Amino acid sequence: MRINKPWKIHTWLPVARAMPKMIKELYRNPDSGLISHEVWFGRTIVMVQYWRSFEQLERYAKSKSSLHLPAWAAFNKKVGSNGDVGIWHETYISRKGMYECVYNNMLKFGLAKVGAHVPAAGKFNAARDRINASAT
């Protein structure tokens, strides 16, 4: 979400308030498929979500019993394309074992929250070695 017109609080505040309610709903239902999420705040608010599968994400987004559809309808009715608030959505599907995340002096964060942890040493010292090992 990007607040394009900060003075129009009545336009962007409902959008900002909708997402935390959806996140709470998802965590209350472990079968929803949401594994974890991260949020960064500023003029542009960034949320990254990690899901077990695209199918579970899609099922939640289209569910008539979830908070998402009413929030999406309200956004389109109140904001639509007027430019007050920007939103975007990106979906990445990665094959099991075909990714890497390198962390140094970090708590579990991002993909580290949802995958196995292997020290980047020995046969896992270089990125090519880690990716090749996960592909076998």
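**Entry 1: the second largest pocket**

I looked up which helices line the second largest pocket in this predicted model. Helix α1 and helix α2 (54–62) each supply at least two residues of the lining. With three residues, α2 gives the most.

I then listed the lining residues of the second largest pocket: E25, L26, N29, D31, S32, Q56, R59, Y60, S63, S65 and S66. I sorted this lining by class and noted six polar, three charged and two nonpolar residues. For the volume of the second largest pocket I wrote down about 160 Å³.

**Entry 2: α1 against α3**

Next I turned to helix packing. Two packed helices are described by the angle between their axes and the distance between the axes. I took helix α1, residues 9–28, and helix α3, residues 68–78. Their axes come within 10 Å and cross at roughly 170 degrees. Angles over 145 degrees count as roughly antiparallel, so α1 is roughly antiparallel to α3.

Which residues of the two helices meet? On the α1 side I found H10, T11, P14, V15, A18 and M22. On the α3 side I found H68, A71, F75 and K78. The residues of this contact of α1 with α3 divide into six nonpolar, three polar and one charged.

**Entry 3: β2 and β3**

Last, I checked the strands. Strand β2 covers residues 34–40 and strand β3 covers residues 46–51. In which sense do β2 and β3 pair, and over how many bridges? I recorded antiparallel pairing over six bridges.

I picked out two bridges by name. H37 has Q49 in β3 as its bridge partner. W40 has V46 in β3 as its bridge partner.

Definitions and conventions: Residues numbered from 1 in each chain as written. Predicted model: local features only at pLDDT ≥ 70, side-chain atom pairs only at ≥ 80, totals over all residues. Heavy atoms only, no water. Axes fitted to C-alpha atoms, helices over the stretch in contact; angles between N-to-C directions. Helix = DSSP H or I, 4+ residues; strand = E, 2+ residues; numbered from the N terminus. Parallel < 35°, antiparallel > 145°, perpendicular 65-115°, else oblique. Contact = heavy atoms within 4.5 Å. Nonpolar A, V, L, I, M, F, W, Y, C, P; charged D, E, K, R; others polar. Pairing = 2+ DSSP bridges. 1 Å grid on protein atoms, 1.4 Å probe; cavity = no way out; pocket = protein on both sides within 12 Å on 5 of 7 lines; lining within 4 Å. Points joined across faces, edges and corners; volume = space filled by probe spheres on them.
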